[in-house]
Each structure stands twice: as structure tokens, then as C-alpha cells.
Amino acid sequence: MNLLITGGCGFIGSNFVRYWLESHPRDRIVVYDKLTYAGRRENLHDLWDSPRLSLVQADIADMDAARRACCENQIDLIVNFAAETHVDQSILGPLIFTDTNVRGTHVLLEVARELGIRMHHISTDEVYGHIPDGHQSVETDPLAPRSPYAASKAAADQLVQAYYITYSLPVTITRGANNVGPFQYPEKVVPLFATNAVLGEALPVYGDGLQMRDYAHVYDHCTGIETVLLRGEIGQVYNVGTGREMTNLEMVNIVLETLGQDRSLIQHVTDRPGHDRRYSMNVDKLRALSWEPKYDPWQAVTEATRWYAQNRAWWEPIRNGEFREYYDRQYAERLAGTRKA
Ligand code: NAD
Ligand code: DAU
């Protein structure tokens, strides 16, 4: 089979490419990636020599480029990881989130329809919005996104489902929980906190830190997507997570304990506007396809933290480069205006 993996140089996409090439030795992968700040060729540095892997640098919103990549490589399946993905970036500059996440996904759907290709879309638990205590989101729940990022992902999900209903396009969707693991850009909380702690810098916890997230290992997301690709029902949505959540303060404590660092590094700062208090998903529908996560959230955060401690050569050039400008914009005032926990 020939797969077009959009966003394959990003965090989850690169982990998925690595996993799929190892597990499916007869398949070929074309990574289709615009290489934004979050997309890094070096995430797959050891694999580019493989005759089974190639890269097309292009935008998913570019219809001609996407059509050409599918035709020239006889693509059987598109897996759409490509997106603008950081909630805080979507608050600072939201329009690119519509361009890529909504229009880009729509363009891929049009290409898939024209060429008769199955498309799998990678979505997120954020489309369900804030989840009150006592409830876990199921796939049929109404969508109630609350950030520009989440709204753009919800719009994309609706388009994917509309193409199934209207054109019978063979589609599936997975909605992932908060992933952690190797090669995650350090704007996201676990790599940010792990690398700050390694450097002895403050960990900026938004608000009271009692927000709840299901921190799932990216490996389990990859096997969940694989399960849906191999055994999922066309037209269906599947949640992918551990089904268990922890507070951000619990997550911070795991990071600090894993690195042998002191809790005095914790600094409570001004909260994220519209911060969703709790995400929690029921993953029984995926479990019914004989899938089980390998890691619980505690193991996932520990493993991810260890990877950043052991792989400074990957993240130091990022942190010393353009990331610095974003970091100052997002955190300088927050960190200056607050006190340590
Ligand atoms: P990431 O930001 O690490 O990577 C995104 C990738 O998409 C990068 O390689 C980037 O260059 C590429 N890209 C961005 N815009 C593009 C465009 N217009 N055309 C082509 N390529 C483009 O993201 P991630 O964390 O790996 O997330 C991957 C997918 O999984 C996204 O769809 C995201 O919404 C979803 N998701 C992420 C998480 C998470 O915790 N990180 C959880 C659930 C779902
Ligand atoms: O839930 C799935 C989503 O997880 C994905 O769809 C997104 O692409 C991904 O970015 C992630 O979104 P979150 O907003 O949940 O992740 P983030 O790592 O930005 O933040 C996780 C939690 O940590 C959240 O409650 C906000 C908090 N946080 C985050 C940062 C960056 C802090 O307290 N301080 C921080 O500096």
C-alpha cells in the first residue's frame, strides 16, 4: 500500500511514519509537509535513505500540489496529520488555523474525492470542549469547541463527515487525547516543562494548575490509528486516549521527580484565556476493535520526560533559535508578574 502522510515531519506524524515503516514492511510512505516551525526533517533523520520513504514539501491547501503528489505516487490512503496545533498560538494568531486546518483539510477531501482515495483524518478531544466532572466524551457527543484551534479542528471533522454522507467518500476520524513522547515541539507543556527543568528555569503553570488532561503516549496513538485503518468501520469516529486523566500539577510533579528537580521551580502564572478545565474521553469503541494502550498517563509523562533529558541535541537548537521569540512573547510578562508556588 502507498500512504500519503501529511504533517509527517511533525511530532505525531513522524512517530507514526517510524512506527508504520517498521510494522508494515511492504508499504511505501510519502510524507507531505509544509515544514512549518513544527515540522522538522530531522525527526526522521535516520529514515530518509530508505527507498520506502520520500518527502514532498508543500501545503495541504495547495490543490495542484496535493493532487500531483497523490497521482505521481499512486497513493491508496491519505492520513491527515497536518495542522496548526498549538492552542496558545491560535490565541495569538488565529487565521492560519483556518487556512490549514479547515481549508487544507477541505482541499485534501476534494483531492480524495476526485481520485477515489480513502482518507483518515486526525482530530482531537478538544472538539468536545470542556467536559464536566462525571462525564466522559463519547463519539456521538455534540461538538462544543472553545478555542480558535479547537473550532478549526471541529470544522474539519464536520467537513470530513459531510463528505462521507454526501459523496460516500471512504473516511474515518480518530480523536486523540494530549499526546506526549519523543520529538514534540517544546511549545507543548510536557516538553516545555521537561526542558525548562533540565535548564533550571521556572515552569509556568497556567492558573491554579488543577485543569485535567489525559496525557497519552504517542506510541498508543499510533497503534490506535493503525487499528482504525485496519479494522475500523468506514464513516466512523474513534476516540484514542487512555481514558484516565490527571491534573496539570500532578503532571508537573512527575516531570520534576523524574528529573530529580525541586518543586520551587513551579511558578503559577496568568491563565490561558478560555482555558478548558477538563478533557476526558471514553475509549470503549476503539477497545472493541481489540486495541489497548500500553502506557498509563503516569508512565507516559515519565517516559517522555526521560527522552527530553537524554536528547538535548534535539531540542537545544530549537530552544536557542526562533522559539525564543515565541517564548518571550508568551511568557515574559507572565513570569515577571507572578511569584513562585
Ligand atoms: P505538530 O505541530 O507537531 O506537527 C504538525 C505538522 O504539520 C508539522 O510537520 C507541520 O510542518 C505540518 N503542517 C502544518 N501546516 C501545514 C500545511 N498547511 N501543509 C502541510 N503541512 C503542514 O502537530 P502534532 O502534535 O504532531 O499533531 C498532529 C495532528 O494530531 C494534528 O492534526 C493535531 O490537531 C492532532 N492532535 C494532536 C494532539 C497532541 O497532543 N499533540 C492530540 C490530538 C490530536
Ligand atoms: O487534547 C489534545 C490537544 O492537546 C491537541 O489537540 C493539541 O494539538 C495539543 O496542543 C494539546 O492541547 P493542550 O492545550 O491541552 O496542550 P498544551 O500542551 O498546550 O497544554 C496542556 C495543559 O497544560 C493545558 O491545560 C494548559 C497547560 N499549560 C500549558 C502550557 C504550554 C500550562 O499550564 N503552562 C504552559 O506553559
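This is a predicted model: local features need pLDDT of at least 70, side-chain atom pairs count only at pLDDT 80 or more; totals for chains, interfaces and linings use all residues.
Trainee: Let's start with α1 and α7. Are these two helices parallel, perpendicular or oblique to each other?

Mentor: Helix α1 covers residues 11-23 and helix α7 covers residues 218-231, and their axes lie 9 Å apart. The angle between them is about 60°. Angles of 65 to 115 degrees would count as roughly perpendicular and those under 35 as roughly parallel, so α1 and α7 are oblique.

Trainee: And what is the handedness of that crossing?

Mentor: Keep the pair in view, packed at about 60°. The crossing of α1 and α7 is right-handed.

Trainee: Which residues make the contact, and how many of them are charged?

Mentor: On the α1 side you will find Phe11, Ile12, Asn15, Phe16, Tyr19, Trp20 and Ser23. The α7 side includes Val218, His221, Cys222, Glu226 and Leu230. By class, the contact of α1 with α7 has 11 nonpolar and four polar residues, and the number of charged ones is one.

Trainee: Now to α6. How is this helix oriented relative to α11?

Mentor: Helix α6 (residues 189-199) and helix α11 (residues 312-319) have axes that come within 12 Å. They cross at roughly 90°. This angle falls in the 65 to 115 range, which means that α6 is, relative to α11, roughly perpendicular.

Trainee: How many charged residues does the contact of α6 with α10 have?

Mentor: Val190, Pro191, Ala194, Thr195 and Val198 of α6 meet Ala304, Thr305, Tyr308 and Ala309 of α10. By class, seven residues in this contact are nonpolar and two are polar. The number of charged residues is therefore none.

Trainee: Turning to ligand 1, which residue has a side-chain N or O atom 2.6 Å from an oxygen atom of the ligand?

Mentor: Ligand 1 is surrounded by 29 residues, the closest being Ile12, Asp33, Thr85, Tyr149 and Lys153. Thr36 places a backbone N or O atom 3.0 Å from a ligand oxygen, while Thr100 has a polar side-chain atom 3.1 Å from a ligand nitrogen. The side chain at 2.6 Å from an oxygen of ligand 1 belongs to Asp33.

Trainee: And for ligand 2, how far is a side-chain N or O atom of Tyr331 from an oxygen atom of the ligand?

Mentor: Ligand 2 has 27 residues around it, and the closest are Asp125, Tyr149, Asn178, Arg272 and Tyr331. Glu126 has a polar side-chain atom 2.7 Å from an oxygen of this ligand, and His275 has one at 2.7 Å from a ligand oxygen. For Tyr331, the distance is 2.6 Å.

Conventions. Residues are numbered from 1 along each chain as its sequence is written. Chains are lettered from A and ligands numbered from 1 in the order in which they are written. Side-chain values use heavy atoms; hydrogens and water are left out. Axes are lines fitted to C-alpha atoms, for helices over the stretch in contact, and angles run from 0 to 180 degrees between N-to-C directions. Helices (H or I, at least four residues) and strands (E, at least two) are DSSP runs, numbered from the N terminus. Angles under 35 degrees count as roughly parallel, over 145 as roughly antiparallel, 65 to 115 as roughly perpendicular and the rest as oblique. A crossing is left-handed if the near helix is turned anticlockwise from the far one by less than a right angle, and right-handed if clockwise. Contact means heavy atoms within 4.5 Å. A residue is near a molecule or strand if one of its heavy atoms lies within 4 Å of it. A polar contact is a pair of N or O atoms within 3.5 Å; within protein, one must be able to donate a hydrogen and the other to accept it, and residues adjacent in sequence count only if both atoms are side-chain atoms.
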